[in-house]
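Thank you all for coming. I would like to walk you through the side-chain contacts of one structure, so please have a look at it before I go on.

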Amino acid sequence: MDSRLPVKALFKDGRVLVPSREGANRIYGMGFGSMLESEEGLTLSPCDALYLLERGKIEVLDASDGSPLSFSDLLSRFMEADERIWTRYLIYRDLRSRGYVVRGGVGLGIDFQVYGKGEFGKAMPRYIVLGLCEGESRPLSELLKAVEESESMGRELKLAVLDRRGEVIYYTVKRMDPSSEEAER
């Protein structure tokens, strides 16, 4: 398989699968997808699939009729199941463009687990990312649960805020003892 040609992927049952072993290995080797979710091949997360399609690394075909799906077609299909996919994707794309390997979240509203540069497959994820749009409100209890989850996993929580211009700003969130020297600064 020519590594310059896009890998063929199928949109089936709301998921994007890479059925060929060679294509799946190539995509997985770049830090995308999961071999554990389906026996039909490599399963790509919605953000993985959108990113790879936008970059021309995959071609997505509708499994029912073989017709190619454009980026906007695929995005529309994912939006049917996840109204926040566009926000998640923009944060995902920003992290990938910075050289990080980004995997799905672990629950509690956490969007992503992020590996430090060069650490994928060698170490545990370094960051947990919770994404939201500028002006969006979330209950404080949700943020506290995310802080507890990240601390229990030994990871740093990053709040990724997508501003109105489409830029992503990251904030580190951690629990602080109000009587500590750090809190007095």
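Let me begin with Glu134, which is partly exposed at a relative accessible area of 36%, where partly exposed stands between buried, under 20%, and exposed, over 50%, with a 1.4 Å probe and protein chains only. Please keep in mind that this is a predicted model, in which local features need pLDDT of at least 70 and side-chain atom pairs count only at pLDDT 80 or more, while totals for chains, interfaces and linings use all residues. Residues are numbered from 1 along each chain as its sequence is written, and side-chain values use heavy atoms, with hydrogens and water left out.

The side chain of Glu134 meets that of Arg164 in a salt bridge of 2.8 Å, N to O, a term that asks for a side-chain nitrogen of Lys or Arg within 4 Å of a carboxyl oxygen of Asp or Glu. This pair joins distant parts of the chain, 30 residues apart, with Arg164 in the loop between strand 9 (156-162) and strand 10 (168-173) and Glu134 in the loop between strand 8 and helix 5 (140-152); helices (H or I, at least four residues) and strands (E, at least two) are DSSP runs numbered from the N terminus. Arg164, at 67% relative accessibility, counts as exposed.

How many salt bridges does a search of the whole structure find? The search gives 16, and one of them holds Asp111 and Arg88 together at 2.7 Å, N to O. Asp111 belongs to strand 7 (residues 110-115) and Arg88 to helix 4, so this bridge ties together parts 23 residues apart in sequence. Asp111 and Arg88 are both buried.

Turning to the aromatic rings, the count comes to 9 aromatic pairs, for which the rings of Phe, Tyr and Trp (its six-membered ring) must have centres within 6.5 Å, planes under 30 degrees apart being stacked, over 60 edge-to-face and the rest tilted. Phe32 and Tyr51 form a stacked pair, with 5.9 Å from centre to centre and 25° between the planes. Because Phe32 lies in the loop between helix 1 (21-29) and strand 3 (42-44) and Tyr51 in helix 2 (residues 46-54), the pair ties together parts 19 residues apart in sequence. Phe32 is buried at 5% relative accessibility, and Tyr51 is buried as well, at 11%.

Finally, the charged end of Arg96 sits over the ring of Phe32, 3.8 Å from its centre, which requires NZ of Lys or CZ of Arg within 6 Å of the ring centre and within 35 degrees of the ring normal.
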